[in-house]
Amino acid sequence: GDPLEPGPSGMLSWDRDLGQISPSPDESDVVSVPESRGGSFSSDILSVEDAVQWGDTWIVLDRRLGRIHFLDPGSERVGSVGREGPGPGELQDPVALAVEDSVLWVLNRRGLELDRYSLGEGPSDTHFHSRRTLSGGGCLAGLTKALESLPGLGLAVLRICPAALPGPGRAWVESVGEDGKLSPVLSLPLGSPGSRRLHLLRQPVLTAGDNHFFLGTWDAPCVAAFNEQGILDNHRCLPEYERPRTPEENRSVLERRLGWVSDLGFLPMEIPSHLPWYDRVFATTRGLVFRRVRTESERDLVLVQPDGRTTFTSRWFPENTFVGENGILMAEDLPQGTSIQIYPD
């Protein structure tokens, strides 16, 4: 059947709600990052797909092993749960984590299932509780991008749903019911009305704070802020900066690789002249932290406070960097395991 549509307040326009919003003036202060609390190399961690901070503990999702690892503030692994497999308490291609109070949620099987774990005092007290199969929502099959607990709305997923006709499709924010049914909250078309052109950098991001949640795309410097009723009420914006250009050799490779797009009925894809503004946003009680793109492989972290003031880190980080309430986790996948550094924030 036809996809479900949210109410009028939930129908967004990229051009109006994101694309026409300008970055803030560059009046940022530079802050230094303290030395790391410790680094470690673990052959028991093969990847860091997602990571969230819970108190002083970091919870790490290992997609390759199908496991959830727990790290102390010094980055040492203090325990793990789960293993690769289809059964209860096992994980197959997990993609995202979220914590609500003492409940850990894991999006499993590329977002088709939602697993619930009860968090205890430590890893040995963490137990698998139940599994929900996700269904309904804006499309029958979508690409799941994020899992968040939204203020006033509860647990929600961000998905990209393909268009019925050739085109870029749209992003949906959907709340998750007790039975796994998805209910649309917001809808964001990922192209211009009537256009079949795909936008390589129009990748959606979702994060949630205490009383707002935020939706944006990599190709816009601002994210839209929504209140507990899901109504847009302001924006949080990165400061102006000299956005790095896409290396010419990368443009040539992309043009060759994406020639198949026009065979599917799309317009020829425009290769972006610049790299994304950012590629992830983390909500903290002090404000939003954007993982801002400085080069293809390096990022800095920009804190945008609720009053619009901004600061950014003097240290640059690799792409696989996660921000918690009072810490920063940096991970590097190596052939025989993973190297992890944790910095106080």
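Ser42 lies in strand β2, which covers residues 38-42; strands here, numbered from the N terminus, are DSSP runs of E with at least two residues. This is a predicted model, in which local features need pLDDT of at least 70 and side-chain atom pairs count only at pLDDT 80 or more, while totals for chains, interfaces and linings use all residues. Residues are numbered from 1 along each chain as its sequence is written, and side-chain values use heavy atoms, with hydrogens and water left out.

**Ser42 and its surroundings**

- Ser42 is buried, with a relative accessible area of 11%, where buried means under 20% relative accessible area, exposed means over 50% and partly exposed lies in between, for a 1.4 Å probe and protein chains only.
- The side chain of Ser42 reaches the backbone nitrogen of Asp44 at 3.1 Å, and a polar atom of that side chain also lies 3.5 Å from the backbone nitrogen of Ile45.
- When residues up to four places away in sequence are not counted, Ser42 touches Arg77, Gly337 and Thr338, contact being defined as heavy atoms within 4.5 Å.

**The sheet that contains β2**

- Four strands form an open sheet in the order β2-β27-β26-β25, and the pairing is antiparallel; two strands pair if DSSP finds at least two bridges between them.
- Strands β2 and β25 (321-323) stand at the edges with a single partner strand each, so one side of each is left without a neighbour in the sheet.
- Neighbouring strands of this sheet are turned by 15° against each other on average, direction ignored, with axes taken as lines fitted to C-alpha atoms and angles running from 0 to 180 degrees between N-to-C directions.
- Strand β2 pairs with strand β27 (residues 337-344) in the antiparallel sense over five bridges, and Ser40 stands opposite Ile340 in β27.

**The five-stranded sheet**

- Another open sheet has five strands in the order β11-β15-β14-β13-β12, with mixed pairing.
- At its edges stand β11 (135-136) and β12 (143-150), each with a single partner strand, so one side of each is left without a neighbour in the sheet.
- Strand β12 and strand β13 (residues 154-161) pair in the antiparallel sense over seven bridges, and the bridge partner of Leu147 in β13 is Val157.

**Disulfides**

- A search of the whole structure finds two disulfides, each being a pair of cysteine sulfur atoms within 2.5 Å.
- Cys139 and Cys161 form a disulfide with their sulfur atoms 2.1 Å apart, and the torsion about the S-S bond is about -65°, so this disulfide is left-handed.
- Cys139 lies in the loop between β11 and β12 and Cys161 in strand β13, so the pair ties together parts that are 22 residues apart in sequence.
- Cys139 is buried at a relative accessible area of 14%, and Cys161 is buried at 2%.
- Cys222 and Cys237 form a disulfide with their sulfur atoms 2.0 Å apart, and the torsion of about 110° about the S-S bond makes this disulfide right-handed.
- This pair links Cys222 in strand β18 (residues 222-226) with Cys237 in strand β19 (residues 232-237), 15 residues apart, and both cysteines are buried.

**Gly89**

- Gly89 is found in the loop between β6 (77-81) and β7 (96-100), and at 14% relative accessibility Gly89 counts as buried.
- Leaving aside neighbours within four places in sequence, Gly89 is in contact with Gly82, Arg83, Tyr117, Phe128 and Arg131.

Methods: Polar contact = N/O pair within 3.5 Å; in protein donor to acceptor, adjacent residues only side chain to side chain.
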